[in-house]
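Please work through each task before reading its solution.

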Amino acid sequence: MTFENSLQFAQSLDEKDPLKTYRDKFHIPKINRKDCIYFTGNSLGLQPKSTRQFVEEELLDWEKLGVEGHFHAKKRPWFHYHKFSKEALGKIVGAKPSEVVSMNSLTTNLHLMMVSFYRPSEKKFKIVMEEGAFPSDQYAVESQVKFHGFNPSEAIIEIKPREGEATLKTDDIVNTIEKNADSIALVLFSGVQYYTGQYFDLKSITAAGHKAGAKVGFDLAHAVGNVLVNLNDSGADFAAWCSYKYLNSGPGGVSGIYVNERHANNPDLPRFAGWWGHNEEERFKMEKGFIPMEGADGWQQSNVNVLSSAAHMASLQIFKEAGIDKLRAKSLQLTGFLEYLIKSDLEDSVQILTPKNTEERGCQLSLVVKKDGKKVFDTLTKEGVIADWREPEVIRVAPVPLYNTFEDVFNFYSIMKKVLIE
Ligand SMILES: *Cc1c(COP(=O)(O)O)cnc(C)c1O
């Protein structure tokens, strides 16, 4: 794709965009009575206009039916609610419907996955992760390690970029895993790194982890709905994600898990059980003795958070219509255009941390403004850009293919240029 540095060119790309009608399916927040440039779909995705109806349908069922809604709700009986999202989620993460389920929140799910898949022994007890992982993941790992009686400073191996570099080399990840093969119990990595935007090579990381006799899991918070994550192809043991970032399912929206089918039918795996993971046929017999459902469903604990899951359904419906492949194709162009514009004449003042290789990134570019970064960020906000400032020095911008336009990208660049020159 060759780009041109002009508003006209941006508008011509929007004109040709096969997904151009999707923007109108979302509420775009306004700043100074104009649509803002919303580049924070990586933090909280925008609200689909259809969400209200999906949630209202559940409110109405509750209003009219009370408890009977569990089995007699018109469209989506609550007893079965977790089943309705499986097919769409499976497509988005490259898994079978039986391998995924939506439930709980992300950090909670990471803990539940580690209960089953982090099983340290005296000799093999270490966890490998990237340096600077999202803090909640760091706390989860630290507390799991302590829970098993190990010392985090000994048990956690963090992989750092090479001197003078911002992102990781797959070779360095693989070599670290190989070097520590004797002592590693788990490899837990981001899919897409929240700070740098680097999309890791899930398949190579998984292969290295398995060769070392470890389990391998991914936190897909920044990958799901953004890049094509082929979980089955990667061979990973488990994954978890949240739905309020690229999946537009609302603040605190329901999370999701993936458990590879090789673990689907193993009642001996330790897990923290609850009645929603218990054999569905016998769930209401209220008897002793936990018998897990097959597949990811067996990790559920509680009955479904229906209101939050309704919002999730609204968004998944849009993903189903648009198609994750087409979204990714547009995303490559959108982010490519942003990169091209920055490089065309802002390169002296703005450095891009995110990898150049499009296979190693999703929507997001992480920008380091070399001088007065926070001041530049604050001015951008005043000018109608909603982006994201991350300490110590990064402005994260994520043009997302469902509701951002090439014109958004061009306007962002123009504002940035004005701010930097002033
Ligand atoms: C957004 C995000 C979280 C947030 O965790 P919650 O439990 O949903 O609050 C955790 N980890 C990563 C990598 C994230 O990007």
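A polar contact is a pair of N or O atoms within 3.5 Å; within protein, one must be able to donate a hydrogen and the other to accept it, and residues adjacent in sequence count only if both atoms are side-chain atoms. The model is predicted, with local features requiring pLDDT of at least 70 and side-chain atom pairs pLDDT 80 or more, while totals for chains, interfaces and linings use all residues. Numbering starts from 1 along each chain as its sequence is written, and side-chain values use heavy atoms, leaving out hydrogens and water.

**Exercise 1.** Identify the residues that surround the ligand, and state which polar atoms approach it.

*Solution.* The surrounding residues are Leu-106, Thr-107, Phe-134, Asp-137, Asp-219, Ala-221, His-222, Tyr-244 and Lys-245.

Step 1: a side-chain N or O atom of Asp-137 is 2.6 Å from a nitrogen atom of the ligand. For Asp-219, a polar side-chain atom is 3.2 Å from a ligand nitrogen atom. Tyr-244 places a polar side-chain atom 2.5 Å from an oxygen atom of the ligand.

**Exercise 2.** State the domains of the chain and describe the contact between them.

*Solution.* Step 1: the bounds come from an automatic or database domain assignment, which gives domain 1 (7–47 + 324–421) and domain 2 (55–321).

Step 1: the C-alpha centres of domain 1 and domain 2 lie 28 Å apart. To the contact (heavy atoms within 4.5 Å), domain 1 contributes 33 residues and domain 2 contributes 24 residues.

**Exercise 3.** Which residues does Val-93 touch, beyond those up to four places away in sequence?

*Solution.* With that exclusion, Val-93 touches Val-100, Leu-220, Val-224, Val-229, Asn-230, Leu-231 and Trp-241.

Definitions and conventions:
Near = heavy atom within 4 Å.
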